[in-house]
Amino acid sequence: MESQKKFSRSFSFEFYPPKSEEGAASLIKVHNELAQLKPDYFSVTFGAGGSTRDKTFESVVAIQQKGIPAAPHLSCVASSRDSIREILKNYQTQGVNKIVALRGDLPSGMMSLGELRHANELVALIRQESGEYFQIHVAAYPEVHPQAANAAQDLKHFKLKVEAGADAAITQYFYSPEAYFHFIEACEIASIDIPIVPGIMPITNYSQLFRFSEMCGADIPRWLRKRLEGFGDDRQSIQAFGVDVVSELCQRLLDNGAPGLHFYTMNQSAPTLAIWKNLQL
Ligand code: FAD
């Protein structure tokens with residue numbers, strides 16, 4: 001973990017673009033509450049194939065105008081180079097200079113893969129189009145991306161993104177701090193020298209978390225699964241327990257040199273606020 005200690009800490013909160021007017025009103029409130037914690041930036045997800053393209057842009061511009069930087073996610077699957085160039089230009093016009101560059105996943109039913117196959121090609125395109133203008137964050141997988149043949153291959157692919165010009169990485173969420181520590185060690189051996197910020201998923205709803213984790217390859221350790229199952233439908237107990245477990249995870253990560261935390265807020269403020277309070281940041 002030594003290599004990560006030299007980086008200054010970055011704290012960020014992730015939103016998805018609201019799907020309804022009610023969602024938009026709620027997100028304004030959530031943003032205002034989380035803005036009081038003075039994060040380094042907010043980020044806004046992007047639907048693969050550009051399905052939330054306009055909504056991501058609108059949310060990013062609205063957040064940026066309120067004073068704390070906003071970083072749009074941008075996925076390249078099922079997109080053309082020209083459409084990506086246009087998105088980059090629009091963000092530059094708005095003074096947005098951080099971006100989370102991803103491959104994305106092909107939505108079911110969408111056949112065309114697009115012109116860029118992997119996130120390293122997207123990072124290269126961003127650098128080619130806009131030089132050093134954007135600070136580029138990419139995804140990292142301490143528990144290995146679900147489509148990767150093995151950890152070594154996945155690490156090699158992660159390094160390609162760094163070599164293409166990524167400045168920092170945000171990890172997929174995990175609940176075993178050892179997964180992160182081992183991943184950082186492997187990155188050190190591979191001479192990967194960028195900040196790798198743990199992605200943190202608060203626990204609020206067990207069945208949703210279980211489904212989501214199956215899809216994205218995040219492991220819910222057996223002890224945690226069994227404790228959560230034991231709460232049945234008691235949402236309040238799940239949330240209280242979730243805050244304790246995730247606060248401990250965050251504390252361990254920070255104590256061991258993690259360069260900040262990136263919270264997958266799911267457009268809710270309460271769980272992140274409770275964890276933040278426990279961490280006394
Ligand atoms: P890549 O880095 O391209 O990796 C994908 C797979 O291909 C891996 O198995 C890798 O080992 C392999 N690979 C990579 N490069 C090569 C290469 N050159 N040759 C051969 N194989 C290669 N999804 C969204 O749709 N919208 C979002 O806003 C979004 N935000 C995210 C934010 C974070 C922090 C994270 C961790 C994930 C996010 N995702 C998002 C999910 C992400 O799009 C998926 O995990 C996707 O499957 C992989 O994206 P990637 O950028 O990691 O892809």
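In this model, His137 stands opposite Ala168 in strand 6. The two strands involved, strand 5 (residues 135–140) and strand 6, pair in the parallel sense over four bridges, pairing being called when DSSP finds at least two bridges between strands. Strands (E, at least two residues) and helices (H or I, at least four) are DSSP runs, numbered from the N terminus. To get from strand 5 to strand 6, the chain goes through helix 6 (residues 151–164), and this β-α-β crossover is right-handed: with the strands pointing away from the viewer, the path from the first strand over the helix to the second runs clockwise.

The model is a predicted one, with local features needing pLDDT of at least 70 and side-chain atom pairs pLDDT 80 or more, while totals for chains, interfaces and linings use all residues. Residues are numbered from 1 along each chain as its sequence is written, and side-chain values use heavy atoms, leaving out hydrogens and water.

On to strand 7 (residues 196–200): strand 6 pairs with it in the parallel sense over three bridges, and Ala169 stands opposite Ile196. Helix 7 (residues 177–189) carries the chain from strand 6 to strand 7, again in a right-handed β-α-β crossover. Six of the six residues of strand 6 (residues 168–173) are buried, so this strand is largely enclosed by the rest of the structure; buried means under 20% relative accessible area with a 1.4 Å probe, protein chains only.

Then there is the largest nonpolar core, which has 83 residues. Such a core is a set of buried Ala, Val, Leu, Ile, Met, Phe, Trp, Tyr and Cys residues joined through side-chain atoms within 4.5 Å. Helix 10 (residues 235–255) gives the most to this core, with nine residues.

Methods. Buried means under 20% relative accessible area, exposed over 50%, partly exposed in between (1.4 Å probe, protein chains only).
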